[in-house]
Amino acid sequence: TNIEISGATDLLAPAKLWQSHYRWHNDDGDEAGATWKANEDTPATIGLNQLIRLRFAIANKGSFISNSTAYQIEYGTATSTCASITGWLALPYNDTLAWRMSDSPNLVDGSPSTNVAGDLTDENINFKSGYLKDTSAQTAGLTLTADEFTELEYSIKATNLATDSNYCFRLTDNGNATAFYYAVYPLISVVGDDNIYLVGLDNNS
């Protein structure tokens, strides 16, 4: 038997954390004062052991509040596309991997972030403070309602273990990517000498 339901029906979706935008910053000022190394959602270049800051925008595009999420920065080597990477690694606070967290004189680890004008595009209605991180790859737990977005910034650098490669970055919930959708991946190219070059990948790759 067919049953007709009059009126509109709203389909409710679970919380979905969209990694929607990023920007590379130079470490030459505080959160609002640092200059941009590249435009929004644009790859950058870097040499070994050069501190750089990476800022993410995350928006909840679902219908419900998200779980408390410990945003962990991870990297992988891009052999073809960022989405095809299977070996994502959290950044340590030492030189044991190709990328590491790096203490910045311009940030205090765990400080709240602000919605810096003209930096990243707002992808939801209301801003909720995220975190600035330079000695730990993981934030404290943060929830986002269905109309909120946040921004998180990490101070990092490539160690002597990095190769002449292109590296992609993402955020997860302490290694769990189930609630995330990656509209864009931050991308950076690294070389071991002064001959720095840039290679771009498709933002949705």
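In this predicted model, Tyr 71 touches Leu 17, Ile 58, Ala 137, Gln 138, Thr 139, Leu 142, Leu 144, Leu 152, Tyr 154, Leu 171, Thr 172 and Phe 180, leaving aside residues up to four places away in sequence. Tyr 71 is also among the residues with the most contacts inside the largest nonpolar core.

**Nonpolar core**
- The largest nonpolar core comprises 41 residues.
- Alongside Tyr 71, the residues with the most contacts inside this core are Ile 73, Trp 99, Ile 156 and Phe 169.
- In soluble globular proteins, nonpolar side chains tend to be buried together.

**Disulfide**
- The count of disulfides comes to one, formed by Cys 82 and Cys 168 with their sulfur atoms 2.0 Å apart.
- This pair links distant parts of the chain, 86 residues apart: Cys 82 belongs to the loop between strand E4 (69-77) and strand E5 (89-90), and Cys 168 to strand E12 (residues 165-173).
- The link of Cys 82 and Cys 168 is left-handed, with -70° about the S-S bond.
- Cys 82 counts as buried because its relative accessibility is 2%, under the 20% cut-off.
- Cys 168 likewise counts as buried, at 0% relative accessibility.

**Asp 119**
- Asp 119 is found in the loop between strand E7 (111-112) and strand E8 (126-127).
- With a relative accessibility of 3%, Asp 119 counts as buried.
- A polar contact of 3.1 Å joins the side chains of Asp 119 and His 25.
- Not counting residues up to four places away in sequence, Asp 119 touches Arg 23, His 25, Trp 36, Glu 40 and Arg 55.

Key
Residues are numbered from 1 along each chain as its sequence is written. This is a predicted model: local features need pLDDT of at least 70, side-chain atom pairs count only at pLDDT 80 or more; totals for chains, interfaces and linings use all residues. Side-chain values use heavy atoms; hydrogens and water are left out. A nonpolar core is a set of buried Ala, Val, Leu, Ile, Met, Phe, Trp, Tyr and Cys residues joined through side-chain atoms within 4.5 Å. Buried means under 20% relative accessible area, exposed over 50%, partly exposed in between (1.4 Å probe, protein chains only). Contact means heavy atoms within 4.5 Å. A disulfide is a pair of cysteine sulfur atoms within 2.5 Å. Helices (H or I, at least four residues) and strands (E, at least two) are DSSP runs, numbered from the N terminus. A polar contact is a pair of N or O atoms within 3.5 Å; within protein, one must be able to donate a hydrogen and the other to accept it, and residues adjacent in sequence count only if both atoms are side-chain atoms.
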